[in-house]
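Please look through the notes on this model.

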Amino acid sequence: MGIDTIQINFNETALLIMNIVIGFIMFGVALDLQVSDFKRSLKTPKPALIGLACQFLLLPAITFVLVSIIQPIPSIALGLFLVAACPGGNLSNFLTHYAKGNTPLSISMSAISTVMAIVMTPLNTMFWASLYGPTKEIMTSFSISVVDMFTTIFFMLGLPLIVGMYIRKVMPKFAARFNQIMMKLSIVIFVLFVIVMVANNFDAFIDNVGAVVWVVIIQNALAICIGYFASRALKVVDRDRRAIAIEVGIQNSGLGLVLIFNFFGGLGGMALVAAFWGIWHIISGLIIATYWSRRAPDNTVTVHQEVHT
């Protein structure tokens, strides 16, 4: 059976729970955010703008080039486009702190990219998929409403972000205590869902995971390099470069999985890409963060920029 004919399905109850879990993860992140995080980015916008440009412009474009060169089967290509269109993952803040990067910048980019994702994730996915013939054919085979996708992402990301930030403002002590519990619990539940998905489709996963391993590793490496070297070329200090590289390299593949189950019927190649991304970016993120954690940042680019970061 070809990978494009594999359908990985949860029942409606499991799918609903998975949607809720993603919302809870975002709620947990939002409990650690304040309006000042956004204001900080407005005061020194250059690093955040570079990071967001890498996230929503360069990474999808480079993914299109990668797909055009490698020419994977259509469902894998569409999975790569979708993951590249997702915002940064919630682990990026922890990894940036561990890597001695600019954690406030990482938090700001995560928050802003989450808001932008409500619009940019559907638009980027559909735009780049429509430019590549094989994925364009897949898109036409599904009845996908842009408005429905916007709405789904808003309820999974936007609404939890608003509620979490409001609770942080009116009940800061509760938010501080609840944040860590919420994050750990929701991530554990999500990991269990991925394990269940793989276990329920073990034969299909084993038979086909080899088709996505290398292309996902290459895409992830490109994402990290895009963030680091683009910001380096634009003379951003090292602490900020580390934050940007990790933010672009850690994608919210959990959101990708939910969208795949909601709008693409759990299409095999797409689900395998998102599932392996969810595993691999943690490994690659820990490797690069551990490497940087042993090296003090080189912040000799400009003193002025570092003071305001």
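1. Helices (H or I, at least four residues) and strands (E, at least two) are DSSP runs, numbered from the N terminus. An axis is a line fitted to C-alpha atoms, for helices over the stretch in contact, and angles run from 0 to 180 degrees between N-to-C directions. The model is predicted: local features need pLDDT of at least 70, side-chain atom pairs count only at pLDDT 80 or more, and totals for chains, interfaces and linings use all residues. Residues are numbered from 1 along each chain as its sequence is written, and side-chain values use heavy atoms, with hydrogens and water left out.

2. Helix α13 (residues 253-263) and helix α14 (residues 268-293) have axes that come within 9 Å and cross at roughly 165°. The two are therefore roughly antiparallel to each other. Angles under 35 degrees count as roughly parallel, over 145 as roughly antiparallel, 65 to 115 as roughly perpendicular and the rest as oblique. The crossing of α13 with α14 is left-handed; that word applies if the near helix is turned anticlockwise from the far one by less than a right angle, and right-handed applies if clockwise.

3. Which residues of α13 and α14 make the contact? From α13 come S253, L257 and I260, and from α14 come M270, A271, A274, A275, W277, G278 and H281. Contact means heavy atoms within 4.5 Å. Ala, Val, Leu, Ile, Met, Phe, Trp, Tyr, Cys and Pro count as nonpolar, Asp, Glu, Lys and Arg as charged, and the others, Gly among them, as polar.

4. α13 also meets α8. Their axes come within 11 Å and cross at roughly 140°, so α8 and α13 are oblique to each other. This crossing of α8 and α13 is right-handed. On the α8 side the residues are D148, M149, T152, I153, M156 and L157, and they meet L255, V258, L259 and F263 in α13. The contact of α8 with α13 has eight nonpolar, one polar and one charged residues.

5. Helix α6 (residues 103-131) and helix α12 (residues 238-249) have axes that come within 9 Å and cross at roughly 35°. Their crossing is right-handed. L105, S106, M109, S110 and S113 in α6 meet D240, A243, I244 and E247 in α12. The contact of α6 with α12 divides into four nonpolar, three polar and two charged residues.

6. The lining of the second largest pocket has six nonpolar, three polar and no charged residues. Its largest share, five residues, comes from α1.
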